[in-house]
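Work through the exercises below with the structure open beside you, and try each task before you read its solution.

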Amino acid sequence: VVFLQIVHILNMTSAKIVSFLLHPEESLHSLQNRIEFETGISSGNQELLLETGICLDPRKPASQCVIDGVRGWDSYMVYLFDKSKTVYDGPFASRSLSDCVNYIVQDSKIQLPIPQLRKVWAEAVHYVIGLKEDYSRLFQGQRAAMLSLLRYNANLIKMKNNMVSASQQLKAKLEFFHQSIRLDLERYSDQMAYGISSEKMLKAWKEMEEKASQCAQAEDIGYLDEQIMALHTEIVELQKSPYARRQGEVMESLEQRAIDLYKQLKTRPPDHAYSDSTDMVKIIVQTVQSQDRVLKELFGHLSKLLGCKQKIIDLLPEIEVALNNIKEADNSVMQMQGKRQREIWHLLKIACTQSSSRSLVSSSLEGTASTPSATWLPQGSSGNTAPHPLSSLAAPEDGENFADVIRENMNYLELFSSILQEVRQEQNSMMVS
C-alpha cells in the first residue's frame, strides 16, 4: 500500500497556499521545480523553512516536508521565501467573499428569512475565522523567519568567537616574537666583537622583524567587530519589537462576537420572521480592517528580519577571509620563530666548534712561538680580538693529544649547558611576563 503525501507551501511573497501531491521518493529538487512553475520563484532563489526555522535539506527527499502525525491539513506548513528579495510588499488583499456573504455586505439592511439568514451568517462566520487563520499562518511564517535568523546569528557568533580567539592568539605570539627577536639582536650585537658574525643572517632577522609587523595587520578585526555588534543590537531590537508577537487579539475577539451572534440567531424560531445583517456586516468589515493593519505591521517587521539576515549572509564570507588571514599570519610567525631558533642553535654549534679548534691549536703550540691572538679571548679579556665569520674554522694538526681534546670538550659542554639553561630561563621569564 502506497500512502500519498500532500505538502502545503505558504508563499510568503504572495500570502497564497499551493499544495502538491508528493510522488514516492521524490527529490526536493523535483519539488522545487514544481514550486517554480506554480509561483514563478526560481529554485535557486527558493528558501523553504519548516515552522522551527530549519531550512529543508536538499540531500533528503521531498517527504521531509511532511511530519508524521495528524494535526490538521495545514498544521505542518512549509514557508516559501524568495532569497532575491528582502522587502515584502504586504499587506495583500483579503480572501474573497462568497456570493451570499457579498450580498449582505453590499446591503446590510436587506431583510432575509431566518432560515436563509442562518446559512448566510454561517458562511460569514467561516469567512471571519478564515481571515484570522490567514493572519495566524502568515505570523507563523514570520516566526519561522525569525528562528532562521537566530540560527544564522548563532553561526555568526561562533565564527566571531573563533576569529577573536585566533586574533588574540596571533597578538600574543607577535608580542612574544618581537620581544624575543629584539633580545636576540641585542645579544648578537654584543658578541659580534669577539664571537661570530654573519651579515646574511643579521639581514634575515631584521627582515623577519619587518614581516612580523606586517602580520600584525591580520589581527585588526575592529571593523568586522563593529558590524557584528551593530547586527546583534538590531536583532535584539527585532526580538523586543511588539510586532514579533502575535497581534491577532482584535480578530480573535471579532471572531468570538461573530460566533455568539450566529448562536443567538440559531435560537430564534424558524417562523416567518425576517431580520437584517447589520451587526454581522459590521464584524466582517472590522475584521477585514484589523487584518489589513496587522498584516501591514507583520510584513514590515518581516522585511526587517530578512534584511538583517541578508547582512549576516554577506558578512560571513568576510569573517572567513579574516580568519584565514589570521591563520596564515600565525603560521608565518611560527615559521620565522622556528627558523631563527634553528639559526641560534647553529651559532652555538659553530661557537663550540671554533672554541674546540682554538683549544687544540693553543695546546699544540705551547712552548713555541704562540701569541695572545691565537686564543679566543672572552669578553672583558685584554688584547684586541676580531669577530670570527662562520666560514673561519681552524683545523686540528697531526700529533695532538686527543685525551686533552676530549677533556676540553667536556669542559666546554658544561659551559654551554649553563649558557643554554640561562637562555631558557630568560625565555620563560619573557613568556610569563
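**Exercise 1.** Determine which residues of H6 are exposed and which are buried.

*Solution.* Begin with the exposed side, where exposed means over 50% relative accessible area, buried under 20%, and partly exposed in between (1.4 Å probe, protein chains only). Gln 264 and Thr 267 are exposed, whereas on the other side of H6 the buried residues are Met 251, Leu 254, Glu 255, Ala 258, Leu 261 and Leu 265. Seen down the axis of H6, these buried residues fall within an arc of 125 degrees, so they line one face of the helix; the arc is that of the directions from the helix axis to the C-beta atoms.

The model is predicted, so local features need pLDDT of at least 70 and side-chain atom pairs count only at pLDDT 80 or more, while totals for chains, interfaces and linings use all residues. Residues are numbered from 1 along each chain as its sequence is written, and side-chain values use heavy atoms, with hydrogens and water left out.

**Exercise 2.** Describe how H3 and H4 are arranged.

*Solution.* First, the axes of H3 (residues 114-192) and H4 (residues 199-215) come within 10 Å and cross at roughly 160 degrees, where axes are lines fitted to C-alpha atoms, for helices over the stretch in contact, and angles run from 0 to 180 degrees between N-to-C directions. That makes H3 roughly antiparallel to H4, a label for angles over 145 degrees.

**Exercise 3.** Locate Phe 92 and find what Phe 92 touches.

*Solution.* Phe 92 is found in the loop between strand E4 (78-82) and helix H2 (99-106). Not counting residues up to four places away in sequence, Phe 92 touches Met 12, Thr 13, Ser 14, Ala 15 and Phe 299, with contact meaning heavy atoms within 4.5 Å.

Technical notes: Helix = DSSP H or I, 4+ residues; strand = E, 2+ residues; numbered from the N terminus. Parallel < 35°, antiparallel > 145°, perpendicular 65-115°, else oblique.
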